[in-house]
Amino acid sequence: MLRTEEMLLNVGPQHPSTHGVFRLVLKIDGEIIKEAKPVIGYLHRGTEKLAENLQYTQIIPYTDRMDYLAAMTNNYILVHAVETMMDIKIPDRAEYLRIITMELGRIASHLVWWGTYLLDIGATSPFLYAFREREMIINMLNEISGGRLTFNYMRVGGVKWDAPEGWIEKVKEFIPYMREQLEGYHQLVTGNEIFMNRVKGVGKYTKDDALNYSLSGANLRCTGEKWDLRKDEPYSIYDRFDFDVAVQEGGDAWSRYHVRMKEIEESLKILEQAARQFPSEGDILAKVPKIIKAPKGEAFVRIESPRGEIGCYIASDGKKEPYRLKFRRPSFYNLQILPKLLEGENIANLIAILGAIDIVLGEVDG
Amino acid sequence: MVEELLYSQAGLLNFGIFFLLATVLLLVVLGFVTYAILAERKVMGFMQLRQGPNQVGGRWGLLQTVADVLKLLLKEDAIPKLADRPLFILAPVIAFAPAFMVLATIPFTDKLQFADIGVGLLYYIAISGLTTVGIVTGAWASNNKYALLGGMRAAAQMISYEIPLVMSVLGIVLLTGSLNLNEIVEVQKNGWFIIWQPVAFIVFLIASTAELNRVPFDLPEAESELVAGFHVEYSGFRWAFFMLAEYVYFFAMASLTTVLFLGGWLPLPFLDFIPGAVWFALKFTVVIFILIWFRSTFPRLRADQLMEFGWKVLLPVALANIFLTAILKELLNIF
């Protein structure tokens, strides 16, 4: 007798499109997903526990390894939390260097997303184009910090290294170049009929859903909620720059795509202004004690990382190590909505939906 | 020459000659496959800001594919424990043999053709359909879920795109009044069919890309979704056979496009001092280049969109084309 049978399909942790070591256990009927169960933890290193035995400066390299595509923002969240507790005033030059490196990192991160997402959808070339531009950013960050991926650049009170000679000029030159390339990206991909068919209306959710699942970043802004901490709760010196928050109404993968592409443009705007206003001299490190001890108490700060709201909670008992350290890792929260989105979709859409969330497994697993 | 042999008394000598010719063709085809893969990697490399192979065999990587094939030959012959063993072994052969068989009827020049069959076009389409059986068999025999999904996709895709493919060439058959590929080329002395049948050409190009399982229709092996699709469990030379089948089809389909729409070996006006074989090779290269170009440009379609496109767009367009061709043929009476 003819009958159909549900099948259990294990996707990952070595699947090419799970962006690292993410695993999904799918119950499928043909190609239709009946139930999806995410399994995480393959990259768990216990950053938060390790931090309890480390001095504050020693924790910074660990934050590099959480969201390894935007390590600068992760650096910043930690030092920002400590600075908030110790109430340190940061020199202007250091603030500008932080903003420039963070925004460069944001562009690099979105470029990786753009390239890999198109790779997931099946187009191979955009990936290489995106990496060409990313390489330029990485080289610039390498020049200033000495690292290509894990920078270990920020310090409590400022930054580790000053900008080498001619570095700001390089950033200035990069901005028009990147704008031109972005134009090319839109011509190659955004208008492509097949691409539109693949992402329009895929992985749709409402603003309420997004808020209930505490999504943040592009995953929230794609539903029409205008929420960007750089604008709404300005930290560092973001209030000095004129930029827009990229918002789309659709709530689908297509909207998320546009939000991220728009964010690259906005980051370029910030970079342009920051490079123009960059003070010609000044300290890059505030006067801080040799051994940093956060005063007794606790603090929670949050900033806008390329992936969403990244938060850092520090509880200190006045020693040179934190008593407890906790990161709110946006990828982890953004991933929560996945099983809901996948129900009833087919396997091709699974890749389009998962890719659009933009997870970094280092961050999901912590 | 081939004609005479075909109608002569069967004998050991005839068999020997045929065997020899077949071997020569096989070598030519293998040579093509070797360099088609290299060309594809090189062209894609240039389009994607890369070098492509540039180590083995000099600056152009001329021996890269040879090295790859040798590597595949030397690899361990791995068969999954729970696979259906006989089918698993048989499947690559079923997939490959038709790919080679279809080459027999393609007229490379007015003299060089292995079998001048009256129903050449029909033969090509009928035989090429067999490969699907090989792919589905391999996918099923692997006893792997990803392979199964890939195999199912392959079956659905190839069946749905075979129909528009056949329909699109019916216009040509109407105009020519023959299924013989030689006659189809001869008729194009009045103008290539790409001019007389532009709609059919577009439908044919799309449907043939789908038949070849190439981007944007590479769903059966969709790397980012199904890992490697139907051949996920295959390795070593069995895997190479699937690849070989794919590239021989690439060769065959490009040849067929050249024959049907680009006038085969026919030269452009005033340039007929250049031999037909060169013309064929030129046109053939253009088709190959376009297909490689597709590969580095397009994203992949989704399975349901693929079906929709095949049945709701390509098929009606192809049917309308037949209708239109019939009317025009009666009214204008040019052929």
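**Ground rules.** I am reading a predicted model, in which local features need pLDDT of at least 70, side-chain atom pairs count only at pLDDT 80 or more, and totals for chains, interfaces and linings use all residues. Residues are numbered from 1 along each chain as its sequence is written, while chains are lettered from A and ligands numbered from 1 in the order in which they are written.

**Chain A, overall.** I counted 15 helices and eight strands in chain A. Helices (H or I, at least four residues) and strands (E, at least two) are DSSP runs, numbered from the N terminus. The radius of gyration of chain A is 21 Å, close to the 21 Å from the globule rule for 366 residues, so chain A is as compact as a globular protein of that length. That radius is taken over C-alpha atoms, and the rule is 2.2 Å times the number of residues to the power 0.38. Along the principal axes, the C-alpha atoms of chain A fill a box of roughly 80 × 45 × 35 Å.

I then looked up burial. Of the 366 residues of chain A, 51% count as buried. A residue is buried if 20 or more other C-beta atoms lie within 10 Å of its own, exposed if 12 or fewer, and partly exposed in between, with C-beta atoms placed from the backbone. Contacts came next: two residues are in contact if their C-beta atoms, placed from the backbone, lie within 7 Å. Among contacts in chain A between residues at least 6 apart in sequence, 69% join residues at least 24 apart.

**H14(A).** Eleven of the eleven residues of H14(A) are buried, so this helix is largely enclosed by the rest of the structure. Among them are A:Ile347, A:Asn349 and A:Gly355. A:Asp358 follows H14(A) and has a positive phi, near 65°.

**A:Pro176.** I found this proline in helix H6 (residues 167–190) of chain A. A:Pro176 is exposed, with 11 other C-beta atoms within 10 Å.

**H2(A) on H3(A).** The axes of helix H2 (residues 56–64) and helix H3 (residues 71–86) of chain A come within 8 Å and cross at roughly 150°. That makes H2(A) roughly antiparallel to H3(A); the term covers angles over 145 degrees. Axes are lines fitted to C-alpha atoms, for helices over the stretch in contact, and angles run from 0 to 180 degrees between N-to-C directions. From H2(A), the contact residues include A:Tyr56 and A:Ile59, and from H3(A) they include A:Leu78 and A:Val82.

**Chain A against chain B.** How many residues does each chain give to the contact? Chain A gives 26 residues and chain B gives 23 residues. On the chain A side, the elements that give two or more residues include strand E1 (7–11), helix H4 (92–121) and helix H14 (347–357).

**H2(B) on H3(B).** In chain B, helix H2 (residues 12–47) and helix H3 (residues 64–74) pack at an angle of about 115°, with axes 8 Å apart. H2(B) and H3(B) are therefore roughly perpendicular to each other, a term for angles of 65 to 115 degrees. B:Thr34, B:Ile37 and B:Leu38 of H2(B) make the contact with B:Gln64, B:Thr65 and B:Val66 of H3(B).

Conventions:
Angles under 35 degrees count as roughly parallel, over 145 as roughly antiparallel, 65 to 115 as roughly perpendicular and the rest as oblique.
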